[in-house]
Amino acid sequence: MHATTGDRLLVHGRTVGQHDHVVEIIEVLGDHGDPPYRVRDDSGHEAILSPGPDAVVRHAEPGRRTR
């Protein structure tokens with residue numbers, strides 16, 4: 001899994017009734033775009049995340065990346 005700042009991470013719910021969760025990657029802490037990532041959700045909460053196989057990177061459009 002490779003990501004850059006500004007990409008979004010979609011984490012699928014793992015059990016019935018658990019919804020998908022989307023967060024913005026605000027910092028890549030691993031080498032060459034690898035996890036872990038510092039992420040921020042819509043409420044402003046930040047966390048360090050090492051996504052599992054239930055997560056998908058949605059790459060940002062090149063002109064829309066944050067710094």
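The model is predicted: local features need pLDDT of at least 70, side-chain atom pairs count only at pLDDT 80 or more, and totals for chains, interfaces and linings use all residues. Residues are numbered from 1 along each chain as its sequence is written, and side-chain values use heavy atoms, with hydrogens and water left out.

The chain holds 0 helices and 5 strands, where helices (H or I, at least four residues) and strands (E, at least two) are DSSP runs numbered from the N terminus. Their order along the sequence is β-β-β-β-β.

A compact globule of 67 residues would have a radius of gyration near 11 Å, and the 12 Å of the chain agrees with this; the radius is taken over C-alpha atoms, and the globule rule is 2.2 Å times the number of residues to the power 0.38.

| Property of the chain | Value |
|---|---|
| Box of the C-alpha atoms along the principal axes | roughly 35 × 25 × 20 Å |
| Buried residues (under 20% relative accessible area, 1.4 Å probe, protein chains only) | 28% of the 67 residues |

Contact means heavy atoms within 4.5 Å. Of the contacts in the chain with a separation of 6 or more, 42% join residues 24 or more positions apart.

Strands E3 (residues 37-40) and E4 (residues 46-49) form an antiparallel pair with 4 bridges; pairing requires that DSSP finds at least two bridges between two strands. Arg 40 has Glu 46 in E4 as its bridge partner. The hairpin of E3 and E4 has 5 residues between the strands, and Gly 44 there takes a positive phi near 95°.

Notes. Buried means under 20% relative accessible area, exposed over 50%, partly exposed in between (1.4 Å probe, protein chains only).
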